[in-house]
Structure formats: structure tokens, C-alpha cells
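Here are my notes for you, written as numbered points. Keep the picture open while you read.

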Amino acid sequence: MLGSWKPILFLLISSVVLFFPLSCPAQTGQCAAVIVGNPLPDLIVNPLRLKNDLLVTQEQFSATDCAVVEGCVSGKGKHQLLRFTSATPNVGKGDLVIGDPLQCPNLFTQSQCHNHLHFKQYADYRVWTETGYNNWVANRVPDQPTNTGTNATLLAQALQSGDLIVGRKQGFCIIDTDRIDPAVPDTKKYTLCGTNTTSGNQGLQVGWEDSYGQQLDCQYVEIDKLSAGTYFVEVQTNAEQALPEADYTNNSTAVKFQFIPKHGNTPAQAIPQ
Ligand SMILES: [Ca+2]
Ligand SMILES: [Zn+2]
């Protein structure tokens, strides 16, 4: 009896071996290593989340607050902050696989204050004058990293001239937060940030976004001395191209806003244009 099952069993196994890789989404290897032949992820910044969640706050910091220790604000005391949400969808054809950040010292640094690892190059936050932003968009090289060549020079010049009012990097844990493509399965795969001593499992599935809400620590830029006027807030993900992507030219999003400083009892406002 068993003998007659053998050919069927063989067919079954060989078809599983042959076809499973095709039905399973291709992805990067651990620590975002490129697997030759596999489609790459493609990160973008969600423009609506950035636009909808702009908020100006006044907040008090002590010298031991992680925001001060980590350099999210310039020092202790009261600061005016522009808060916003950064959400980064993966619109590519391959998952971004990172796995346990403890195994990826090339990508992550330990934060003693937060007791977890930060991927420092995940998102750059910038506030620009109108002139400054228009000049940046006209002259930057979108497929090149921001830490070398023309882009690095433009950013340094803009910071010196005051057209780039503030620019800094935000540490991230990269996980599936929200599904944005209804065509992909509604099951999270990468959910665990990990800590400095326990393993995590980070990554970003195709059709999902990693979202950092405006209420979170360090989810802002300091705008203490900003005067009334029109500005741009820009978020660029993977600006230094530390993670492999199919396309680097779509990694930046900006929202134009009118800034109205606090007057009398009316709090300061950032009104998206
Ligand atoms: Ca991209
Ligand atoms: Zn942290």
C-alpha cells in the first residue's frame, strides 16, 4: 500500500519545494543584508500623517530627562517644540528584515537612557525657511546619501546661513505598526524592539508602515527662537542609505506651515498650508 503513495508523496514534496519560494514574499536577510535576486524594500514618508499631526507645545525638561541626555533638545529648561508624526510605509516588493538589533552593531547604537537600541539613521528631521527648502529641493541629488558630496555640502551651508533652522536625527525601533495596503495579510510579523539585554525582532513588512506618533518622546524638533512666518518641516527616512532600498529618490516629505508665535493667552500654532 505504502509503495503506491511514494510517487504522490514525491510530487507533493517537490511542488512544495518548487513553489513555496514563489508564494512567500522575498526579503532582505538579517540586519538588512541584501540577498542577490530578491526584491528590495522601498521606504517613503507618509505625507498625510505628517501634515495632520503638527502641534506646537511648550515643555519643561530636567537635566536627567532622556530627551536632554540623547540630544533631542539643546539642554534642560523650557523649550518650544514642533511635534509631528513620522510614519514610514514600505511600498517596495520585499520585506525589510532586521531581526535582533543586538546582532546588528553596524546599524544600531545602545541608548543607556532608554535601555534599548537606536537605529540612528532611520529618520532626519529638518525645519527650513521657504527659501532654504526651495533651494534644497532644486539642488539636492535625490538618489545620493545626505552625509557625503553635494547633499552634505548643501545641508552644512544651509545650517550656517540659517535657512536650515534645525536638523537632527531620530533613533528608531523599526516594527510593523499599521497596515496601509489592504491587499497584504493583516498579520504583524516584526513586533519586538528588544532592549540592551534582550533580543528583539525588527523589520518592516511590505504594505505596512512604522509609525512614531507626535506624543512620543523626542518626536519633535526644538523651535525656541522661531519668529512668525512660513516654514517647511521635512522628514527624510534612511537619508544616509544605511538600509538597502529599491528607490532612494522618494524618501523625503515636507509640509509647509504658517507659524504664529504665542501672543497673550493664545498658544503658538503651526498651521499646515
Ligand atoms: Ca524609498
Ligand atoms: Zn529610545
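1. First, the ground rules. This is a predicted model, where local features need pLDDT of at least 70, side-chain atom pairs count only at pLDDT 80 or more, and totals for chains, interfaces and linings use all residues. Residues are numbered from 1 along each chain as its sequence is written, while chains are lettered from A and ligands numbered from 1 in the order in which they are written.

2. Now the largest nonpolar core: it has 48 residues, and Leu82, Val127, Trp128, Ile174 and Val233 touch the most other members. Strand β6 (residues 116-129) gives the most to this core, seven residues. Members are buried Ala, Val, Leu, Ile, Met, Phe, Trp, Tyr and Cys joined through C-beta atoms within 7 Å; buried means 20 or more other C-beta atoms within 10 Å, with C-beta atoms placed from the backbone.

3. β6 also runs antiparallel to β5 (residues 108-111), joined by four bridges; pairing takes at least two DSSP bridges. Ser111 stands opposite His116, and Asn115, in the hairpin, has a positive phi near 55°.

4. Helix α5 (residues 149-161) has 13 residues, so at 1.5 Å a residue it should span 18 Å; its end C-alpha atoms are 19 Å apart, which agrees. The expected span is 1.5 Å times one less than the number of residues. Helices (H or I, at least four residues) and strands (E, at least two) are DSSP runs, numbered from the N terminus. Gly162 follows α5, with a positive phi near 90°.

How values were computed
Buried ≥ 20, exposed ≤ 12 C-beta atoms within 10 Å, placed from the backbone.
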